[in-house]
Amino acid sequence: MTPSPKPRYDRIVSLVLLVLIGLAVVFLIDRNPDILRARLGGDLPVITLSWALVISLVVITATGADVFIRSHPQMQTRRLPAINLGFVRVELALGFWILPSFAIVAPFAFFRLFSPVLEMTAAIIALAATGGLLMAALLGQHYALDRRPEVRHVARLGLQTITLMLAFSLFSAMYYSRLRFLYSGVLIAVIGALLAYALFQWTPPRRGLLLLSGLVGLTLAEATWPLNYWAASFLLGGALLLVIFYVTTGLLQNHLESTLSKRVFWEYGLLGGGLLAAVVIATFR
C-alpha cells in the first residue's frame, strides 16, 4: 500500500519554535508581580496579561494546525463540520485544533503552579513539555490519517496518550485554583468535552459525537462538585478526574467502534475501580 506523503517538517518546526519563543516571553512577563490584571468584579476569576498572550498563541497554533492537516490527501474525502452562511459554506477542522491548542495551555497552566518552588526551572520544563507535546500532536494527527493501518494504529495510540497527559495537567490546574463550582464545573466540562471529541473523531463516522462528548464533559462537571469539598492535593484531584475521563471515553469509544462487550465493560470497571481506590488510599495516607 502506498504511504501517505510525509508531513512538512519545516513548517511544523517553525510553528513550534514560534510558540516556544512566545511562551518564553509569557513566562518572563508572568514573573512580574505588577503584571496587568483585569478584575471583572464579584467572585469572577482575575484575568492576567499572561493568559491573554497564551490565548493569542493558541489562535496562531490552531490556524497552523488547520493549514497543516488540510494539505493531507485523506482530508479531501473526510467529512468536516461546516457553517452555512448562505452565500458561502465554510468547513472547519475543529477536531484537529484541540490537541495542538491544549498542548500550549496545559503545560503553562500546570507547571506555573510550581514556579514558587522551582522558579525558572518550572518555566524550562513547561517549554520542553510544550515543544514535545505540540510536535507530537501535529505529527500524530498527520499519521493518524495514513493509508497504512499499522501506522494509523500507532499514531492514534500516541494521540490518546497525549490526550490523557493533557487532561491530567488541565484537571489538576483547575482543581488547584479552587474556583466556585459555577466556574470550575463549566471549565472542566468544556475541557473534558473537547478532549473527548478529539478522541472520538477517529472512530468510524457516526452522528452524535458532539452529544457524546458533551456527556463526558457533563459527567466530569458533576464529579467536580463533590470534589470541591474534598481536602485532597491538586494532583490527586486531577488524577481522580483523569480516571473518570479515561473510563468514560474508553467505554464510549468501544461503543462507537461496535466492540463494547461484557468483557470490555468489566475490564474498564475493574481498572477504573482499582485506580479510584488507589487515589483514595493515597489521599488518606
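**Figure 1. Order of the elements along the predicted chain.** From the N terminus on, the elements run α-β-β-α-β-β-α-α-α-α-α-α-α-α. The chain has ten helices and four strands; helices (H or I, at least four residues) and strands (E, at least two) are DSSP runs, numbered from the N terminus. This is a predicted model, in which local features need pLDDT of at least 70 and side-chain atom pairs count only at pLDDT 80 or more, while totals for chains, interfaces and linings use all residues. Residues are numbered from 1 along each chain as its sequence is written, and side-chain values use heavy atoms, with hydrogens and water left out.

**Figure 2. Burial and surface of the chain.** Of the 285 residues in the chain, 44% are buried (under 20% relative accessible area; exposed is over 50% and partly exposed in between, with a 1.4 Å probe and protein chains only). The chain exposes about 15,100 Å², and carbon and sulfur atoms supply 69% of this area (Shrake-Rupley method, 1.4 Å probe; for residues, only the protein chains shown count as cover).

**Figure 3. The aromatic pair Phe96 and Trp202.** The structure holds eight aromatic pairs (rings of Phe, Tyr and Trp, the last by its six-membered ring, with centres within 6.5 Å; planes under 30 degrees apart count as stacked, over 60 as edge-to-face and the rest as tilted). The ring centres of Phe96 and Trp202 are 5.6 Å apart and the planes stand at 85°, so this pair is edge-to-face. Phe96 lies in the loop between β4 (89-91) and α3 (98-111), and Trp202 in the loop between α7 (181-200) and α8 (209-227), so the pair ties together parts that are 106 residues apart in sequence. Both Phe96 and Trp202 are buried.

**Figure 4. The aromatic pair Phe110 and Phe114.** With ring centres 5.4 Å apart and planes at 65°, Phe110 and Phe114 form an edge-to-face pair. Phe110 is buried at a relative accessible area of 10%, whereas Phe114 is partly exposed at 26%. One aromatic cluster is formed by Phe110, Phe111, Phe114, Phe168, Tyr176 and Phe234.

**Figure 5. Packing of helices α5 and α6.** The axes of α5 (residues 120-143) and α6 (residues 149-177) come within 8 Å and cross at roughly 145° (lines fitted to C-alpha atoms over the stretch in contact; angles run from 0 to 180 degrees between N-to-C directions). Leu133, Ala136, Ala137, Gly140, Gln141 and Tyr143 of α5 meet Val151, Arg152, Ala155, Leu159, Ile162, Met165 and Leu166 of α6 in the contact (heavy atoms within 4.5 Å). These residues divide into ten nonpolar, two polar and one charged (Ala, Val, Leu, Ile, Met, Phe, Trp, Tyr, Cys and Pro count as nonpolar, Asp, Glu, Lys and Arg as charged, and the others, Gly among them, as polar).
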